[in-house]
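Hello,

Here is the structure I promised to pass on to you.

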Amino acid sequence: MSAFHHNDRSSPVILEALRTAGAMTAPEMADFLDLPLRTVRRRLTRLHELKLIHLAPWRHPGRQGGRITPVYRFGPGRDHGRPPVQTRDEINARHRERHKRNREEAAATRPVLKAAKRDPLNPFAGLMAQVTQ
């Protein structure tokens, strides 16, 4: 008896895509196969329950923010657990560091903007301020 429902045409396609294209997140899979995200998530859950796929290390969103995302990989294997949630102190420290970096970047560009304001007719005023720093 087949592991898939008789009307399930997307699970074999998802398995083949993971086998050939490599590890992907659910949104990447939906875009890759041009399938609805909800369908892909349901099928991935079912395939994971059947031990036909496993969870690779989760993907962090990076500097743009957002949630961590599970990455699915073809074949049986040991699942990587969800990374631990950051504490409020860790989140605040990251926030302070980001604002400190933004302040430093703004301080570096301030002389360029001031030079351009002093001489609005000179198109090279901003460049000269950068070179003389």
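Predicted model: local features only at pLDDT ≥ 70, side-chain atom pairs only at ≥ 80, totals over all residues.

The chain holds 5 helices and 2 strands, and their order from the N terminus is α-α-α-β-β-α-α. Of its 133 residues, 22% count as buried. If you take the contacts between residues at least 6 apart in sequence, 38% of them join residues at least 24 apart.

Now to helix α3 (residues 37-49) and its contact with helix α1 (residues 10-21). Their axes come within 10 Å and cross at roughly 80 degrees, so α1 and α3 are roughly perpendicular to each other. On the α1 side you will find Ser 10, Ser 11, Ile 14, Leu 15 and Leu 18, which meet Thr 39, Val 40, Arg 43, Leu 44 and Leu 47 of α3. Sorted by class, this contact has 6 nonpolar, 3 polar and 1 charged residues.

Helix α2 (residues 26-33) also packs against α3: the two axes come within 9 Å and cross at roughly 120 degrees. That angle makes α2 oblique to α3, and the crossing is right-handed. Here Ala 26, Pro 27, Met 29 and Ala 30 of α2 meet Leu 37, Val 40, Arg 41 and Leu 44 of α3. By class, the α2 contact with α3 has 7 nonpolar, no polar and 1 charged residues.

Best wishes

Definitions and conventions: Residues numbered from 1 in each chain as written. Heavy atoms only, no water. Helix = DSSP H or I, 4+ residues; strand = E, 2+ residues; numbered from the N terminus. Buried < 20%, exposed > 50% of the residue type's maximum accessible area, 1.4 Å probe, protein only. Contact = heavy atoms within 4.5 Å. Axes fitted to C-alpha atoms, helices over the stretch in contact; angles between N-to-C directions. Parallel < 35°, antiparallel > 145°, perpendicular 65-115°, else oblique. Nonpolar A, V, L, I, M, F, W, Y, C, P; charged D, E, K, R; others polar. Left-handed = near helix turned anticlockwise from the far one by under 90°.
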